[in-house]
Amino acid sequence: MAGNSFGQLFRVTTAGESHGPGYVVIIDGVPPGMPLSEADLQPDLDRRRPGQSKVTTQRKEADQAEILSGVFEGRTTGTPIAILIRNQDQRSADYAEIRDKYRPGHADYTFDAKFGFRDYRGGGRSSARETTVRVAAGAVAKKLLANIGPEPGRGVRVVGYVIQIGDIVANVPDPAAVTLDQVESNIVRCPDPVAAEKMVALIGQVRREGDSIGGIAEIVATGVPPGWGEPVFDKLKADLGKAMFSLPAVLGVEYGAGFGVATARGSQNNDFFLARDGRIVTATNRHGGMLGGISSGMPIVLRCAVKPTSSLPIEQPTVTRAGEPTTISTKGRHDPCLLPRFIPMAEAMMAMTLADHYLRHRAQCG
Ligand SMILES: Cc1cc2nc3c(=O)[nH]c(=O)nc-3n(C[C@H](O)[C@H](O)[C@H](O)COP(=O)(O)O)c2cc1C
């Protein structure tokens, strides 16, 4: 009921708050025998970690994962995998002001409206720190996906990157060709180095102004065979949409041509089928890799619009819990732009969704 679990066969449950002792994720459904250790989880956790560069929050967290169960002698046993990540750099005093005031654009008011009682230290369950353990689970899903198919390690690959910050748009001619190395070559995680430089400057400027800025992330899965996904309620595009909208600060998700289809004609929008190297492919990929909710074998391409961070050092009008007008300026440490740290989170959610649909497809269709 309370919605802390995601997926059916690759099932992930998280617990924890940003200013409690730490977070736990339990991953159920990972097949036995897959090599797995903490070292597999750390690279993505380091990409998500706060304090990693001048364009992120300066909060310091080591985010070291500890595998508590489900792995024996370096291999998964098929039993639930529990992963613990402890919080370290909690400064609850930073959040004293938000105890009785509602941050504009944040979840303080809606949490009070729903629960009548909230952990105000950094947003409790609404904090993006909850995604730390999702990123750990996503790394497990990525490893499972990478080993699908004839060549271990070269199966399904998920890579995300920043394509827009404010009005700076990156030039990415072929989403499926973007490599992790290109993404990680700069601190904004944009594969277009010219745009990346301008994005870094823009984020620096908004930070100095005490403000924040939004943007768009593009997440791409390659190597997904045709046939994953269900035809009706559990369409792959529906589950990926839920996965992305479950991340904090996401206000829009689109696939392939996305909202551009609204002004297109069918004759322009259709992707024509053709046979290539014994496979059926499409000449273009405006459908974003899914037709009828089922993967087509073309790269899955989705984009998330991510809002600017709502907590700001500059003063803004709001009300107290009693409805009295007041002002608020948030003293905690915040990302001036969420996009660079959002990338590993979105990759993790895409990987988990694909791992779930891989196991579901295998269970029904062999
Ligand atoms: C990487 C990342 C870091 C975030 N850090 C902050 C933060 O420091 N301060 C803040 O106000 N919101 C932050 N957020 C966004 C809030 O968690 C989110 O806006 C809030 O929970 C309300 O949810 P909603 O925007 O989805 O409606 C962050 C989001 C992401 C993706």
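The model you are looking at is predicted. Glutamate 73 lies in the loop between β5 (71-72) and β6 (75-76). Check its backbone: phi is positive, about 50°, although glutamate 73 is not a glycine.

Now select arginine 189. This residue also is not a glycine, and its phi is positive at about 65°. Look for arginine 189 in the loop between α4 (180-183) and α5 (193-208). Is arginine 189 buried or exposed? Arginine 189 has 25 C-beta neighbours inside 10 Å, so it counts as buried; the threshold is 20 or more.

**Helix α5**

Move on to α5. How does its span agree with its residue count? At 1.5 Å a residue, the 16 residues of α5 should span 22 Å, and the end C-alpha atoms are 23 Å apart, which agrees. Show side chains for Ala195, Ala196, Met199, Val200, Leu202 and Ile203: these residues of α5 are buried. An α-helix has 3.6 residues a turn, so residues three or four places apart point the same way. Now find what covers the buried residues of α5: the cover includes β8 and β9. Step past the helix to glycine 210, which follows α5 and has a positive phi near 75°.

**The sheet with β8 and β9**

Select β9, β8, β10, β16 and β11. These five strands form an open sheet in that order, with antiparallel pairing. The edge strands are β9 (168-169) and β11 (250-255), each pairing on one side only. Zoom in on β8 (residues 157-165) and β10 (residues 215-222). Eight bridges join β8 and β10 in the antiparallel sense. One place to look is valine 162, which stands opposite alanine 217 in β10.

**Helix α8**

Stay with α8. Its 27 residues should span 39 Å at 1.5 Å a residue; the end C-alpha atoms are 38 Å apart, which agrees. How many of the 27 residues of α8 are buried? The count is 22, so α8 is largely enclosed by the rest of the structure. Glycine 366 follows α8, with a positive phi near 85°.

**The other open sheet**

Next, select β1, β2, β3, β7 and β4. These five strands form an open sheet in that order, and the pairing is antiparallel. β1 (5-6) and β4 (65-69) stand at the edges with a single partner strand each, so one side of each is left without a neighbour in the sheet. Zoom in on β2 (residues 11-16) and β3 (residues 22-28), which run antiparallel and are joined by six bridges. Glycine 16 has tyrosine 23 in β3 as its bridge partner. Now show helix α3 (residues 131-146). Helix α3 lies across β2, β3, β4 and β7, running at about 30° to β3.

**A hairpin and a lysine**

Select β17 (residues 316-319) and β18 (residues 325-328). Four bridges join these antiparallel strands. β17 and β18 form a hairpin with five residues between them. In the turn, glycine 323 has a positive phi of about 90°. Follow the bridges across: valine 319 partners proline 325 in β18, and threonine 318 partners threonine 326.

Lysine 101 is found in the loop between β7 (81-86) and α2 (108-115). Which residues does lysine 101 touch, leaving out those up to four places away in sequence? They are Thr318, Thr320, Thr326 and Ile328. Lysine 101 has 19 C-beta neighbours inside 10 Å, so it counts as partly exposed. Lysine 101 and lysine 237 are 136 residues apart in sequence and 38 Å apart in space, C-alpha to C-alpha.

**Last stop: the ligand**

Finish at the ligand. Of the 19 residues around the ligand, Ala128, Pro248, Ser311, His334 and Arg341 come nearest. Colour the shell by class: seven residues are nonpolar, nine polar and three charged.

Terms used: Residues numbered from 1 in each chain as written. Predicted model: local features only at pLDDT ≥ 70, side-chain atom pairs only at ≥ 80, totals over all residues. Pairing = 2+ DSSP bridges. Helix = DSSP H or I, 4+ residues; strand = E, 2+ residues; numbered from the N terminus. Buried ≥ 20, exposed ≤ 12 C-beta atoms within 10 Å, placed from the backbone. Contact = placed C-beta atoms within 7 Å. Near = placed C-beta within 6 Å. Nonpolar A, V, L, I, M, F, W, Y, C, P; charged D, E, K, R; others polar. Expected span 1.5 Å × (residues − 1). Axes fitted to C-alpha atoms, helices over the stretch in contact; angles between N-to-C directions.
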